[in-house]
Structures are given as structure tokens and as C-alpha cells.
Amino acid sequence: MKLSLFLSLLLTLVPAGAGSQDVAPDPGPGRVVEEGDFSPPQEAVLDSVRADMAIGRNWAASRRFRRAFPEGPGADPELILLLAQAEAGWNNWPAVRNLVEPPLKAGGLTGPEGWYLLGRSLEGEGRWEEAEMAFGQALSSDETSGSDSGFLALARRALVRVHLGLYRSALEDARVLVPAYPDLAGWISLEIAEAAAADGAKEETRLALSTVARAEVRQLGWALLPEALLASGDSIGAEAAFWSYLPSLASASHRTQAWDRVGALRLARGDSTGAQGAYHQVLAGSASGDLGVRAAENLLSLGFDSASAALVGARALARAGEHAQALEAYGVYEELSGEPLSPSVKLALARSHLNLGQGGRALPLVTELADLEDPAMASAALTLEVSALRQVGRAGEAREVQNELIERFPANATAIEIVYGRADALRNRGDLEGAISEYEATVAMESSHTRAGQARMWMGQLHLRLGRPEEAQRVYEAYLAEFPDGRRADEATYWLGRTLGGEGFEEEGRKLLRRLPLSHPISYYTVRAGELLGEPYDPPLQESADSLPFPGFLRDGLAAHDRLLAVGLDRRASWEFEAMADRVRSDPDQERRHRTLLRLAHEMNSRGFTREGINLGWEVRREGWPQDRHLLKALYPFPYRDIVLAEALERGIDPFLMAGLIRQESAFWVEALSRADARGLMQVLPPTGRELARTSGPAGFRPDDHLYVAEINIHLGMAFFADMRRRFGQDLPIILSAYNAGPSRALRWRQYPEARDMHLFVERIPFTETRGYVKNVLANRAIYAWLYGQTPDPEPRVPHG
């Protein structure tokens, strides 16, 4: 059966399983594979290739194909297209072009699929003129004309023409789309208008905007005509256009943007007074954000018209980290106000001085405030005084001021942090008795503070480490007596139950542990309690309501969203999602609203847009929806499930452990990027990816292209996990510590005496982030196995075109 590229791009049904690992025999040296000339084993391999592709394992499919046909697809059009589609699925554009370009030029490959793939490969390589031609060839085929799938080639060509500056030609393509896909045509027209405006193409900008039918989408381009005038050199006309728009702009943010542009244009033509007025309007409309900061910066030279405006500007600059300019604005405020500075302004001045490393200038400001009767001001001043003294090298005096802060304001958050920090430092140095004493002091300062709860948990662990289970028991009992529903009640209950069991009160301990699924169904400690009891994780959650509604407007909105993704307009697809969510939120019927939001969450999760889906789940939970399977599947999504299952099966790894790890690493967001440059689902660093790819594939690995491909990222991430497992054995907390904090640290930590008991070891992990990471992954593993381990749901996928 001949494959259609367009249909394969739009398929949403996923086969139940991946294909086998069978490899067809080599067809023989120099032999050309003819169409239909496949042996039964080769047909089985092709079925497996198609099955791999259907679940998103395109790299695996291409490898399987090339093993079965080591001399390539030969002249068979079906095989050429099949392999090219597989290579395209993991962004291997050079391979796609090498497969389809020669037979297309020779006439051996006809029809739209080959030309479309060539266009995508050329597009991926930035060869825009050739891509335009290729998409045109795809559109010239009789098979494409009038078909539902032809919009892909037409939309792609329109966007390529935007890159080439062929705005009128791009607009012709967009207008062809209007009858069948008016929303898609509107978004493409907005793309055309934005590019044309940047080029100063005024008429093309106007024409493109006139093609946008939806008023709310057209409103997004409200500034494009003035911007086109400006880019064409008509700054007077641009200023007049922005000015004329101001009365009609309903959005406060749009009015602020318009005032910002008016201010810049007036300043550029030397109208300082007019610019000053415009920037004051910006500051009044948006004291935070880039526009407010820019207005404040300009008003420093143009002049603030009042003390209050100068103060607003100073605070905006300080929030943005522009502390030198903030100090200058505070000076203007002091001059215009003509009054002594208030304590709050003096504190703000001191903070800016400290951020600039000017502790000597901050010190006199805060010293005079430390004796104020106002506890909030005095404690804040003492906190800043500590920082100022440290900056000027007076560490001894800084500690004395810390002690004064602790003595005068024991319930102050900074004072509690100081004492807790001292306890942590003693614990890290091995002075466990000293640490317990400081943790006790932390609790005594304010028992309801978060740090007090953490201090109690550390006290219990340190008593256990010192062989004093009775003391640990008293700590946990005291916490539960005061905070039976506290943030750490699950931890205290678990360790109290375990301690009682070890002290001969086994039945009492088991009763406590069995309370955890009822009080904390979704908790690391509930999972651990089940392990101790030898009972499976089966939280008694509320039964799910009936199936979630799927109203027509949501189906239509998701279809529009998916079309935008298919043509590469991801940013516009995000807007469509927000529009859908806002429409659902406007439903006055709370239960229907929540159920529909959960449906939208599930739909977005299934498409890999898990940030949106998970956030919707939390939104519904905050509004009172009970913990049931509908909610948990929104909060713990499993997109790319079949890829995870297949890769885990090949490596002998628990797939639900991998799901739990991915949920913790990236929340299943394929484009996740950390501050450390870790990328994708399993947060693989580019150097690690390169090293792993050398031994595990893929050949030609490019971090920028491949770490954001789900299959490749999962493949490399699991390869790294498997390597950690080989190095550290079967103790999951140590393996997970190595994955998160690095193998060298895990090697040191496994020397702890607690490593004989993995439950104790987790609590001993010295890094707060890694300790929480390990707990979350282990809890996630149990949740994913409970949610998805029995009867897997079909996984709809909407591939990007």
C-alpha cells in the first residue's frame, strides 16, 4: 500500500505495539530492489518500520530500514519515501534531501510527497529559494489539488516566501487558504504583515492585515502600519499614526506601547517636552517591565515632572537591577520632594548601594534605622547592616548584629534563617549535637515557620544517626501533635511509624504507616510506607466522574491549533490554546468548567504541550477539584509513552521509573532548557549528548537539532541512566543521585553509613535539590505505574509537519 506523506503527518491513531527487531537478509551485492520485490522477512521489517514511525521512533525506523536494505531503497518510490519520512521525523534533513532529490530530478519519483519532503529538507537547511520551488512542485500535482492535505505545502510555501520578501506572492497563497482554513490564512497573513512592516512595505502590510478575518487576531497587529511607516523612513507619519490610535486602543498594554513609540519618535526629532510627556504616560501605565524601565531611563535626562514620578522611576530601575540609575532617580526624588527621606526609601537606597558593592555607603543609612520602634523596619535594617558589614570586611561585627537581630526579633524570617543556617553548617561539619541544639533553637523561635518544620525533621534524623530512636520518636510525635495536617506530616508519620516498629511497637507503627495513603495519597512517604508494609501502592482516591466533555468549540480550536503546529507556527498555536482556555474559564457552571479544562489539559498533554496541560490541572485543583484519575492524568501526563516503553524495554529499564524521571526533569516538555544548558525531556547536556552519541548513536549528532527530538533525547538520556546503573548497581537512590548531581558526588555519598539503608540514605543526601529530586522521582514512579500500568490508553499524536 502506497504511503501518503500528508496523511502520515496528520494521523493521530497509534498502533498498540512497536515492531520486532527482525532484520531482513541482505539482498545481495549490487542488486537493485524493485517495487514489490520484497521477501516475507523484508515485508515484516517494513511493517516494523512503519510501526516505529507511527509512535515517533523515526530514528529507530531509519536504522531498522538501513539494516534490512544496506544498499538503500534503490529505485523503489515507496521505499524512498518511507525512508525519507523516517529521516525527516528526527530532523535529519541532509539525509532526506540526498534520498529524494536525485530521483525527483531524474523523474523516477513523482507525486507531491517527494517534492514536499524536498521542500522541508531545503527549508531545514535554510535554502529558501529552492524550498519555494520544491513546494511549488508539490502543489502542481493533481494529487494535491483540492485535497485537505494540500494546505501543508501551500502554507509552507507562503511562509518560505515571507523569508524571501515575496510578500504579495505569500499573500496570494494565504488567500487560497481562506475558504477552507480561514484561521490559518489569518495567522499566515499576520506573519506576512509583521515581516512586511519590518521591511517598510506599507501597502503589503495593509493588504496582509485586511486578509485577517478574526478581529482579535487582527488586533495583535495594531502597531504594524505605523511600524511600516517608520521602517520606510516616514517617522512623522509613524508618530501621527501611533498618536491617532491612542483613543481607540482598548488594551492598557497597547496604549502604553503606543506612548512608548510616540516618546521615542518625539525624542528622535528633538521634541524633548513632548517626549517627556509621553514617557510620563508610559511610567503611569506600566511602572514595571521593559517599557517602564526605558521610560525611567529617558526621564533621568529629560526630567521627572514630580517627586512621585521620580520615586516610581527609581523603583522601576531598582527592580530591573539598574541600581546606579536607581540611585540617581532617588536623588531626583529627594530634591523634588524637599523633605527628609522616609525609612522605606532609605532602605531602598541601602539595597541599591549593596547591589553595587558599596557597603560603606549603605552602612550609615541602615545603622540609623536599626533603632526604630517599627519592628519591620528595624529588622530589615539589621539584615542589611549584616550585609554591609560583610562587604566592608567586618565579619565579627556582622555576627554581633546577627545575634542582635535574633535576640530582638526571634520570629523574624531572616533571624530564623540565620539560626537554621548555623544548624546546617554544624551538621555538614559533623557536629551533630551542636546541630541538634541549633535546630531546637530554630523551632523555639517560631514553630510554625517552614524552617522549624525542616529543623524538626533533621533533628529526628540526627537522633537516629546517633542511635537514639526514642529521642527521634519524641521529635516526630511533637510535630504531629502541633501540626497533624502540617506540610511535613507525611514525613513525620512515616518516620514515627518506622521508629515505633524498630522499638518493638510493631503494630502501632504499622497502623501509622497505613494511615498515610488516606491522609497523603500522593506522597513519597506513602510509597515508602507501602514498601515497608509489603503492600502495593494503591491510593484510595475519589472515583473519577464520567468521561470528560469534548464540546465542539474545543474540537475546532484544537484542530486550528494542530494546523498551526503542522506548518511551524508554534507561537501562534500557543495563542489559540490561551483563547480556548479563556473561553472555558468564562463558563459560569463550575463543574462543567472544571471538567472541560481537564479535557483541554489532557488534549494538550497528549500533544506534548505539558506545561499548559499541567498548569491547567493545578488551576482546577486550586479551585477545589478532588484528587481523582482525571486530575492525576493532567498533573502526571505520559506523552511519548510508546517511545519510553520501547526504549526502556530494549535496555531492561522500568519504563515507569523513566516516566517519573522525565516528569521531574522536564515535566515532559520536549523543549525544556535549563540554566545549565541541559536540554529536552531528560535534560541532557550537549557534551554528554555528544559523548553518548559516539557510542550509542545517532551518527551526525547535532545538539541544537537532536536534543529537542523526543526519541533522540530519550535514547541518550536512558543511555546515560543505564551507564549510571552499571556503575552504581541496583540502588536507585544512588543511581538517581548520580543522574542529578553527577557520578563523582554519588561515589562520595555512597560511602555514608546510611547507604546500608536506602530510606535513611535519601534523607542524608547533602544537596537539598538532589534530595528532593530523588524523592520526587521515586514517588512519580509509583504514581505512573498506578495510572498507566494496567490498561494503557491509546496515545494520540499530532506530528509537526
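Let me begin with Asn412, which caps the N-terminal end of helix 24, with a side-chain oxygen lying 2.8 Å from the backbone nitrogen of Thr414. Please keep in mind throughout that this is a predicted model.

Helix 24 itself runs over residues 413-428, and its 16 residues reach 22 Å from the first C-alpha to the last, close to the 22 Å expected at 1.5 Å a residue. Its buried residues include Ile416, Val419, Tyr420, Arg422, Asp424 and Arg427, and among the elements that cover the buried residues of helix 24 are helix 23 (395-408), helix 25 (432-445) and helix 26 (450-465). After the helix comes Gly430, which has a positive phi near 90 degrees.

Now to a helix pair. The axes of helix 17, residues 289-302, and helix 18, residues 307-319, come within 9 Å and cross at roughly 125 degrees, and the two helices are therefore oblique to each other. Val293, Ala296, Glu297 and Leu300 of helix 17 make the contact with Gly313, Ala316 and Leu317 of helix 18.

Finally, some backbone details. Most residues other than glycine have a negative phi, and most peptide bonds are trans. Against that background, Ala667, in the loop between helix 37 (655-665) and helix 38, has a positive phi near 55 degrees, and at 18% relative accessibility this alanine counts as buried. Gln683, which is placed in the loop between helix 37 and helix 38, has a positive phi of about 50 degrees and is buried, with a relative accessible area of 15%. Lastly, Gly697 and Pro698 are joined by a cis peptide bond with omega about 5 degrees, and Pro698 sits in the loop between helix 38 (686-696) and helix 39 (703-706).

How values were computed: Residues are numbered from 1 along each chain as its sequence is written. This is a predicted model: local features need pLDDT of at least 70, side-chain atom pairs count only at pLDDT 80 or more; totals for chains, interfaces and linings use all residues. Side-chain values use heavy atoms; hydrogens and water are left out. Helices (H or I, at least four residues) and strands (E, at least two) are DSSP runs, numbered from the N terminus. The expected span of a helix is 1.5 Å times one less than its number of residues. Buried means under 20% relative accessible area, exposed over 50%, partly exposed in between (1.4 Å probe, protein chains only). Contact means heavy atoms within 4.5 Å. A polar contact is a pair of N or O atoms within 3.5 Å; within protein, one must be able to donate a hydrogen and the other to accept it, and residues adjacent in sequence count only if both atoms are side-chain atoms. Axes are lines fitted to C-alpha atoms, for helices over the stretch in contact, and angles run from 0 to 180 degrees between N-to-C directions. Angles under 35 degrees count as roughly parallel, over 145 as roughly antiparallel, 65 to 115 as roughly perpendicular and the rest as oblique.
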